[in-house]
Amino acid sequence: MLVPIVMLILAAAPAELQEQPAVSASVSEPIDADRPHVGTGTHVVPPGEVQFELGGQWQRSGDLHTFASPALMRIGISQRLEARVASDGLLMREARGTTARGIGNAQLGVKVRLLGSVEEPFFSVMPAVNLGLASRDKGLGSGESDATITLLAGHALGYGFHGEANYGIGSIGDPAGRFAQHLVTGAIVHQSTSRLQSYVEAAWWSRQERDRAAVSFVDYGVIFSLMPRVLIDAGAFTGVTAATPDYGLFTGLSFAVGPDRARSAARRLRF
């Protein structure tokens with residue numbers, strides 16, 4: 001008698017009471033930083049979140065040593081749009097016993113997600129303006145402003161791999177006027193462990209100065225998640241063309257503040 005009675009009660013109960021899905025604990029999604037590689041990813045910072053990406057980089061080319069401390073602030077405006085404010089930070093240039101120091105250029109821009117989901121966009125665009133604040137007299141910059149637009153693509157490749165590619169074109173200023181510059185990057189990122197990513201990237205500029213040849217290098221590094229909203233990174237690059245520094249080293253810290261991107265479902269696989 002007991003079994004038929006239970007079946008009758010269940011049949012009469014509302015559907016929402018018959019099926020009670022388990023409530024999973026909220027988990028925080030790892031942030032997605034645009035550093036340390038040259039290429040820029042397709043992801044946009046969520047609305048209301050502010051992400052900071054800070055670094056230090058050292059380069060050597062013959063007897064010329066340089067240092068920069070780039071900083072980037074990304075501000076989530078909407079599901080498709082983020083604002084970007086950046087600086088090359090403090091610059092140092094040392095050659096033949098002479099040292100020059102000063103502030104670097106600043107950049108203003110936006111990133112717009114055009115195609116793909118919020119979780120995994122595969123095509124975005126990033127227009128930007130570079131403000132020529134670095135001193136031309138000290139050899140730290142041209143003293144002129146630039147305008148660029150960069151197309152950003154990314155897609156999962158399977159087995160923990162993810163591919164990213166950029167194409168950019170810019171109008172670059174110098175004392176003689178303006179010249180066109182093209183940028184191409186390609187990177188392979190591997191989710192080596194749940195917290196560690198490793199990557200290798202090739203980057204090429206048609207020229208960075210009017211009368212100089214193309215600049216190209218290969219860079220490689222790691223990104224480690226200390227916490228979902230705190231990343232550290234480190235890596236190096238090796239010059240390929242004669243106009244490129246011989247080698248460089250870099251490291252950095254990225255973190256986010258604002259609303260936590262906690263999800264009440266299983267954590268998505270990044271790749």
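**Backbone and rings**

Tutor: This is a predicted model, where local features need pLDDT of at least 70, side-chain atom pairs count only at pLDDT 80 or more, and totals for chains, interfaces and linings use all residues. Residues are numbered from 1 along each chain as its sequence is written, and side-chain values use heavy atoms, with hydrogens and water left out.

Student: Which residues does a cis peptide bond join?
Tutor: Most peptide bonds are trans. Here, omega is about 10 degrees at a cis bond, and the residues joined are R35 and P36.

Student: Is R96 buried or exposed?
Tutor: R96 has a positive phi of about 50 degrees although it is not a glycine. Buried means under 20% relative accessible area, exposed over 50%, and partly exposed in between (1.4 Å probe, protein chains only). R96 has 72% relative accessibility, so it counts as exposed.

Student: In which loop does Y159 lie?
Tutor: Y159, not a glycine, has a positive phi of about 55 degrees. Strands are DSSP runs (E, at least two residues), numbered from the N terminus. Y159 lies in the loop between β10 (146-158) and β11 (161-174).

Student: How are the rings of F217 and F237 arranged: stacked, edge-to-face or tilted?
Tutor: Rings of Phe, Tyr and Trp (its six-membered ring) pair if their centres lie within 6.5 Å; planes under 30 degrees apart count as stacked, over 60 as edge-to-face and the rest as tilted. A search of the whole structure finds 4 aromatic pairs. The centres of F217 and F237 are 4.6 Å apart and their planes at 35 degrees, so the pair is tilted.

Technical notes. Helix = DSSP H or I, 4+ residues; strand = E, 2+ residues; numbered from the N terminus.
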